[in-house]
Amino acid sequence: MALIDTAATMIFTSSSSSTARLLLFNNTKLHKFPNTLSNFRRSTSLHFGTSSPTSRTIVTHCSSSSASVCILKISRGTFKTACQGNDSVPFINGNGRDVESGDTKNAESSKEEMKNDSKEKGEEAEAVAVAPTLDELKELLQKAHKELEIAQLNSIMFEDKAQRISEAAIALKDKALNAWDDVNSALISIEEIVKEEGPVKESIKRAKMALSLAEARHQVALESENENLNSLEEEEALLAAQKDMKECSAKLEDCEKALIRLQNRKDEVQKEVVTLNDIAEKAQTDALKAEEDVANIMLLAEEAVALELEALKRVNDAEIVLQKAEKVLQERGESTSRHGRATFSVLLFQIGFYAIAEALGLAAVKALVAISAIIAGGRLVGMSIDPKLLVSNFPVIMGSLGLLIAGKTIMVAVVAIQVNNETLATVIDGKRVAKDIREEIAVEISRMKEEIGIVPGLAVILVGDRKDSATYVRNKKKACDSVGINSYEVRLAEDSTEEEVLNHISKFNDDPSVHGILVQLPLPSHMNEQNVLNAVCIEKDVDGFHPLNIGRLAMRGREPLFVPCTPKGCIELLHRYDIPIKGKRAVVIGRSNIVGMPAALLLQREDATVSIVHSRTKNPEEITRQADIIISAVGQPNMVRGSWVKPGAVLIDVGINPVEDPECARGYRLVGDICYEEASKVASAITPVPGGVGPMTIAMLLSNTLLSAKRIHNLR
Ligand SMILES: Nc1nc(=O)c2c([nH]1)NC[C@@H]1CN(c3ccc(C(=O)N[C@@H](CCC(=O)O)C(=O)O)cc3)C=[N+]21
């Protein structure tokens, strides 16, 4: 009976149910355990430890070989929530722009950052892949059902056991009582014997006295016979004395025999008392043990019933969640897209799925406790009553073990989700999308060249020697080269006049090989930006900054010739990630002419309900927290904290803010307006900085230039 010998011990430490992103089984072997006892045993000698020595520390170690002594120890991980925060020191680059200008500060790109960035992306792609599907959810529900079934079986079994054990305990108690009764009655008979002994001893005494009297009389008779020979009287007296003596002796002998008989009986009964006492004591010990067993089995039975109730609750919860999820998914019809999955994941989070999944995971641990209990209970039963009972319960135990392993798999899934939860959001990879767009543009440009022999041209006017502006202009030129757009560059000194700029604009306006004109902003302060932007002919305003373009953008039923590049890039990202905009609440932070305001107009055109949060907004956090989509363009590093974000929101971060960082080669690194660390744990999707909106701005500039060339040359 191997199982009876098998003591299962378990130590389980966990800090309650709080979302505890605590479990990290890095060892994938865990997934592979088939549901068999032997494999379970084998698994106990495997080590599913942590491979990360850093923050996410979970130790799960099952050891021991033949005896299934399993020590399961789960410790809560600590998680880095470092955030640059508002207290970060902004890098002062002499720009001095209004925070709402939306004109993103800039800096040279760091290869290191790009590398880190792509690493992050890799992790993210993995994380998104584990967001459960509806089918997985259904599977989970099925598991919950199965678990309930087993919990029910278990509780029935325990009830049965509890009944049997208590019956046995009662019988043992009765037996002990009877044994004590026997002891008592034996003692009573000893007492009686002792009582009887008294008179017998008295009789012996009296018989002895009578005998000595008779003997004395006999002596006297003998003596007087010697003196008075043959006196008849004396002869008679002698004979009488002799007779007396004989009688007395006989009586004494009888009495002594009676005493011996009594004493023998007493000895016998006393021996019996010892035996009976032993029996009674043993019976009493058994009875006490049985009572303990009853108490234990009652606790187990209670536990089993509690488990059953819990399992029932989980089934109900899982059913509700499934219904909700099904409904929402039907409404949204977005279950398959990448973003859809992330949103679904967040949705599940909101409707409590993870709590249930986690409960299921914990249930697996509880199941282990229950199994230990069953085995312990089996031992009780085996010793006290019926070892066969345990054997007959074997399938149930096996079932629980199977479930336990299934439970662990669930747990691993939960764990994966929890790890996912750390960077729950899909990373919206602007760099990748921009590359895709550039490739598409390149194809169209070569087609255009083939069909009509025209190559689009972009003219860029750069005034002054701002390093960042120079970098951007260089990047724009590179981008043009990569897709086959001709680029024309004019560089003017910081102290050039506005007229010079206007002259160049006018020349480009008239140049048929130029299809797009861009005046790099900001302009030196002595120039009037409005005048300069107004001078760009609207057909070539690829930046979309011309008031006529903005005006048309704002009006229903009117179409701008060009949409400003940065906001257009933001919307393009949402589209490319299948993020629905229609009917969503959108909040734009910042009201600049070149980003915030056109972004709000574009969102509205996409049927979002739009709010604009700006420097005079009383409760920016509260309003922002209502948003399904946030576009932030203020130029404040890490201003939007995790607490500003509704779980599942989509975050587009336009800010490109340099912050001091001595660890970076350049002495600074770029961060967005949104605190990525915090927000990425709450949002369903987020753009990184760098690698988010920035590259899209340039891609949209190319797209606008192509569009312009097509329009000018009447190409489709
Ligand atoms: N008439 C005009 N039109 C503009 O579109 C315009 C302008 N003036 N003045 C300056 C701002 C800024 N701007 C950016 C473009 C690309 C990145 C970009 O690609 N950023 C990279 C990082 C670059 C780096 O590391 O330094 C990224 O976010 O991944 C950033 C900023 C366009 N602007």
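Analyst: The expected span of a helix is 1.5 Å times one less than its number of residues; helices (H or I, at least four residues) and strands (E, at least two) are DSSP runs, numbered from the N terminus. This is a predicted model, in which local features need pLDDT of at least 70 and side-chain atom pairs count only at pLDDT 80 or more, while totals for chains, interfaces and linings use all residues. Residues are numbered from 1 along each chain as its sequence is written.

Helix 11 covers residues 467–483, and its 17 residues should span 24 Å at 1.5 Å a residue; the end C-alpha atoms are 25 Å apart, which agrees.

Tyr472, Lys476, Ala479, Cys480 and Val483 of helix 11 are buried, a residue being buried if 20 or more other C-beta atoms lie within 10 Å of its own, exposed if 12 or fewer, and partly exposed in between, with C-beta atoms placed from the backbone. Viewed down the axis of helix 11, the buried residues fall within an arc of 100°, so they line one face of the helix. That arc is taken from the directions from the helix axis to the C-beta atoms. On the other side of helix 11, Lys467, Lys478 and Asp481 are exposed.

The buried residues of helix 11 pack against helix 10 (430–452), strand 4 (457–463), strand 5 (486–492) and helix 19; contact requires C-beta atoms, placed from the backbone, within 7 Å. Helix 19 comprises residues 693–712. After helix 11 comes Gly484, with a positive phi near 95°.

Key
Two residues are in contact if their C-beta atoms, placed from the backbone, lie within 7 Å.
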